[in-house]
Amino acid sequence: MYEYKFIQIELKQKILKAEATEDYREIIREHAEKGWRLVQIFAPGTLRLVPQRILN
């Protein structure tokens, strides 16, 4: 069985692009160190990271 987290990061709209308000790379690294594996990223207006890990 798996456990999932849903992490939302707001995007700041720039002229031709959107920029994350937090460093999503660092969030992914921190979760990986704790046994989480990134399985999905959504970006329809806010950046949503979905990490997964096996339940013990």
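1. This is a predicted model. Tyr2 has a relative accessibility of 46%, and because buried means under 20% and exposed over 50%, Tyr2 counts as partly exposed. Its place is in strand S1, residues 2-4.

2. Tyr2 belongs to a nonpolar patch on the surface, together with Tyr4, Phe6, Val39 and Ile54. The accessible area of these residues together is about 560 Å².

3. Ile27 is in helix H1, which covers residues 24-33. With a relative accessible area of 12%, Ile27 falls under the 20% cut-off, so Ile27 is buried.

4. What does Ile27 touch beyond its neighbours within four places in sequence? The contacts of Ile27 are Ile7, Ile9, Glu22 and Leu49. In the case of Leu49, 22 residues away along the chain, the C-alpha atoms are separated by 9.1 Å.

5. Ile27 is also part of the largest nonpolar core, which has 5 residues in all: Ile7, Ile9, Ile27, Leu47 and Leu49. Strand S2 (7-13) and strand S5 (46-54) are the elements that give two or more residues to this core. In soluble globular proteins, nonpolar side chains tend to be buried together.

6. Leu49, another member of this core, has a contact list that includes the core residues Ile7, Ile9 and Ile27. Residues up to four places away in sequence are not counted here. Leu49 also touches Lys5, Phe6, Tyr24, Ile28, Leu38, Gln40 and Ile41. Among these, Phe6 is a member of the surface patch in point 2.

Notes
Residues are numbered from 1 along each chain as its sequence is written. This is a predicted model: local features need pLDDT of at least 70, side-chain atom pairs count only at pLDDT 80 or more; totals for chains, interfaces and linings use all residues. Side-chain values use heavy atoms; hydrogens and water are left out. Helices (H or I, at least four residues) and strands (E, at least two) are DSSP runs, numbered from the N terminus. Buried means under 20% relative accessible area, exposed over 50%, partly exposed in between (1.4 Å probe, protein chains only). Contact means heavy atoms within 4.5 Å. Patches are made of residues with over 30% relative accessible area and no salt bridge: like charges are joined within 9 Å, nonpolar side chains (Val, Leu, Ile, Met, Phe, Trp, Tyr) within 5 Å. Accessible areas come from the Shrake-Rupley method with a 1.4 Å probe; for residues, only the protein chains shown count as cover. A salt bridge is a side-chain nitrogen of Lys or Arg within 4 Å of a carboxyl oxygen of Asp or Glu. A nonpolar core is a set of buried Ala, Val, Leu, Ile, Met, Phe, Trp, Tyr and Cys residues joined through side-chain atoms within 4.5 Å.
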